[in-house]
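Hi,

Here is the structure I promised to pass on. Have a look at it first, and then read my notes below.

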Amino acid sequence: MPAHRNNETGPEDAAIAGILNQHGTAAERLAALERSDAPELAYSLHARTDEEAEITTLASYLQAKKRNWRAELASRSAGNPPKLDSWEHFQHQMGEVTPGVERNQPVWFLQSDGYTVSGTNRAELDAIGAAREHPPPDDPQQLLGITYQRDTMYAMLPDGAISRHVGTFDAGTSAYATGGWVNDVIRVTADADELRLKVAAVADGGDGNVAIRGTVLEGPVGNRGFAVGSTIELHKNQSTGAMTIHDTATGTSDQLAGGTWTASLETFAYHQGRTRVNEGLGMHLPGAGAPENRNRGKSLPVDDALFERIRNLYSHPEAPERGYGQTLGPARTRLNFKEAGWDVNVHPYRRLGGDAMFTEAAHPEPGPYNGNLPVPSTVDVNNTRWYYNLANAMPDRFVGGRSSSSACYMTAATMLLHEGRLSQEEASDVMAFAVADMVVSGEHSLPECMTSIVMAAGSSEPWQDTPLNLSVETPPLQAWLHLVSPATREEMRSDAREALRHLVANPTPDLKLVKGLTMLVKATNEFERSQPGADRGPHIAAELDRSAGLDRSAGGDRSAGVDRFAGSAGLDGSAGPAGLDGSAGSAGSAGLAGRGRERSSAQGEVPQSGLTGDPTRQGTRESAELAVAIRAGLNPTPASVQRISGGAAVDGTASDGPVSGAAVEQDLRHRTTAAARDTDRGADRGR
């Protein structure tokens with residue numbers, strides 16, 4: 001809904017009025033506000049002030065997105081080729097990885113088991129749901145929201161489309177099937193411990209025996225005492241079911257008898273995007289997602305009474321504030337974005353979810369306010385109440401509880417990144433957009449969203465190597481700005497200063513909006529000063545970063561580094577090692593030594609598959625189809641392997657040549673299904 005003018009001022013507004021009254025011109029007022037050290041304009045001191053600063057800043061981001069999207073639509077109308085912004089590219093890629101899943105399926109509370117209302121309320125709810133299906137084409141915030149259910153449930157439905165990223169490994173698993181998982185992850189559990197390896201190479205030992213070489217990965221597991229980064233070999237005997245774990249550094253081995261071990265496989269994208277994200281939040285532990293552990297109390301029934309209460313808030317935004325409990329979110333913190341010249345809207349259906357139905361868990365003895373995000377390494381996520389404990393020092397910051405949706409968007413974006421479908425810059429911006437949308441829509445507070453992201457960043461690549469992996473406690477707004485591109489940050493700051501200059505020229509400006517805009521300018525100024533290269537000018541680092549960015553023209557090759565994924569060895573293994581020791585072997589076993597997955601060319605043809613077994617190679621796009629077919633249990637014939645691999649068969653014979661990536665994808669989609677059943681409605685409601 002549009003934000004409206006405030007009717008009531010708080011004590012901090014009087015202090016801001018005092019600053020303005022000391023200066024006559026707009027320029028003098030603007031300068032005085034920017035250099036003021038007044039606590040009323042300081043971030044991280046007061047919950048109410050922080051909330052207003054965060055909503056204003058994230059709304060400015062949404063305004064910049066909308067303006068740029070409208071300019072892009074005008075450019076397309078003029079006949080120019082499309083340039084995909086990160087959110088649009090994300091939606092296209094999610095459509096490709098979730099075939100058969102309805103892109104605009106309704107959010108859970110608009111589904112049949114959502115709100116239970118009657119009479120005119122039912123008619124009104126149906127109208128709200130119908131309106132949601134037709135978002136304004138010039139509003140990217142609403143366009144992003146149309147695929148919310150699909151994009152977040154991707155991470156939450158293990159038997160859905162994401163299931164293509166996982167597989168099993170047991171005594172009967174062949175070397176051929178295992179070869180589809182080179183550069184991915186095997187997890188072996190025995191003796192109440194787990195060993196996880198990134199697979200570097202696979203060899204066929206004959207008689208169904210399989211040898212795997214890999215490097216030890218980090219995680220909340222014992223790894224049987226091996227150091228992270230160690231090279232380990234697994235030797236599986238099909239006839240006995242035994243597994244030997246061999247330490248290549250020491251030459252020692254450990255024998256696991258048949259029936260005493262279990263193992264699973266998962267893509268590296270899944271491992272970093274889901275396994276490690278969940279482990280960073282402690283969500284791999286039983287009970288971690290319980291409502292109270294996310295700082296939620298009893299949920300309100302989604303019935304006529306709640307529907308009418310929300311309608312009243314939505315229909316009477318001019319009503320005076322009635323205490324602090326109604327000051328969170330845009331329907332309650334009435335920041336006057338319209339007066340700033342911003343066109344930021346929240347559609348009615350958004351008010352029916354999120355904070356509307358959730359209450360905060362009890363905090364009998366709340367601590368002094370500390371709105372900072374924690375350092376991930378200092379939080380014991382094995383204590384499933386870790387977030388509830390953190391929230392004890394954040395009185396009045398509850399909106400909907402720790403955000404699962406933020407983690408779900410992070411999972412989807414991270415997996416697309418590791419698959420070569422999104423750049424890291426795009427993945428960051430998708431998360432920035434999703435968080436801004438939820439905060440400005442009043443579904444979560446910024447700490448509830450960013451806690452999920454920074455905690456996961458402490459465990460998941462590539463985020464571990466970014467400033468999101470906090471080394472000191474950090475205000476949520478400063479952490480969120482790390483997700484935003486330098487160009488957009490500059491646009492936000494410029495917009496805010498211009499809006500503020502216009503606003504303070506009014507003899508009686510909206511003081512709450514003055515405060516929010518001032519804090520936006522101060523926060524972005526401080527952030528830019530803290531960035532590397534700031535001493536060389538505010539734009540240099542941004543331009544350097546963007547100079548290596550993607551060409552997002554539709555139909556174009558989106559990566560400047562596509563060649564680094566291109567393979568040079570055929571499936572006959574002529575250019576790659578056959579066995580784990582690199583010795584020559586049969587054509588078939590050589591091909592299994594490192595089944596590469598390369599990205600398709602711009603023309604849609606699948607390049608030759610590389611079989612070097614190089615552990616640094618990343619799994620990317622359409623030549624992953626062979627591995628996908630193997631994982632799906634399709635057991636492709638040599639002819640189909642020959643066709644998919646683009647020119648070489650496993651037996652080394654010539655093929656009829658490459659086929660289009662689209663044909664491969666169509667064939668595989670025809671033979672595989674991606675279930676999108678909502679098997680856990682409770683998880684859906686968890687958001």
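A quick definition to start: a salt bridge is a side-chain nitrogen of Lys or Arg within 4 Å of a carboxyl oxygen of Asp or Glu. Keep in mind that this is a predicted model, where local features need pLDDT of at least 70, side-chain atom pairs count only at pLDDT 80 or more, and totals for chains, interfaces and linings use all residues. Residues are numbered from 1 along each chain as its sequence is written, and side-chain values use heavy atoms, leaving out hydrogens and water.

**Salt bridges**

There are 36 salt bridges in the structure. In one of them, the side chains of Arg 421 and Glu 96 meet at 2.7 Å, N to O. Arg 421 lies in the loop between H12 and H13 and Glu 96 in helix H4, so this pair ties together parts that are 325 residues apart in sequence. (Helices are DSSP runs of H or I with at least four residues, numbered from the N terminus.) Arg 421 counts as buried, at 7% relative accessibility, while Glu 96 is partly exposed at 26%. Here buried means under 20% relative accessible area, exposed over 50%, and partly exposed in between, with a 1.4 Å probe and protein chains only.

Another salt bridge links Glu 490 and Arg 493, with the closest N and O atoms 2.5 Å apart. Both of these residues lie in helix H16 (residues 486–504), three residues apart, about one turn of the helix.

**Aromatic rings**

You'll also find 10 aromatic pairs. Rings of Phe, Tyr and Trp (its six-membered ring) pair if their centres lie within 6.5 Å; planes under 30 degrees apart count as stacked, over 60 as edge-to-face and the rest as tilted. Take Trp 69 and Trp 87: their ring centres are 4.8 Å apart and their planes are at 75°, so the pair is edge-to-face. Trp 69 is in helix H3 and Trp 87 in helix H4 (residues 86–97), so the pair ties together parts 18 residues apart in sequence. Both Trp 69 and Trp 87 are buried.

**Helix H14**

Finally, click through H14 (residues 446–457), which has 12 residues. How many of the residues of H14 are buried? The count is 12 of its 12. They pack against several helices, including H3 (47–77), H9 (268–281) and H12 (404–418).

Cheers

How values were computed. Helices (H or I, at least four residues) and strands (E, at least two) are DSSP runs, numbered from the N terminus. The expected span of a helix is 1.5 Å times one less than its number of residues. Contact means heavy atoms within 4.5 Å.
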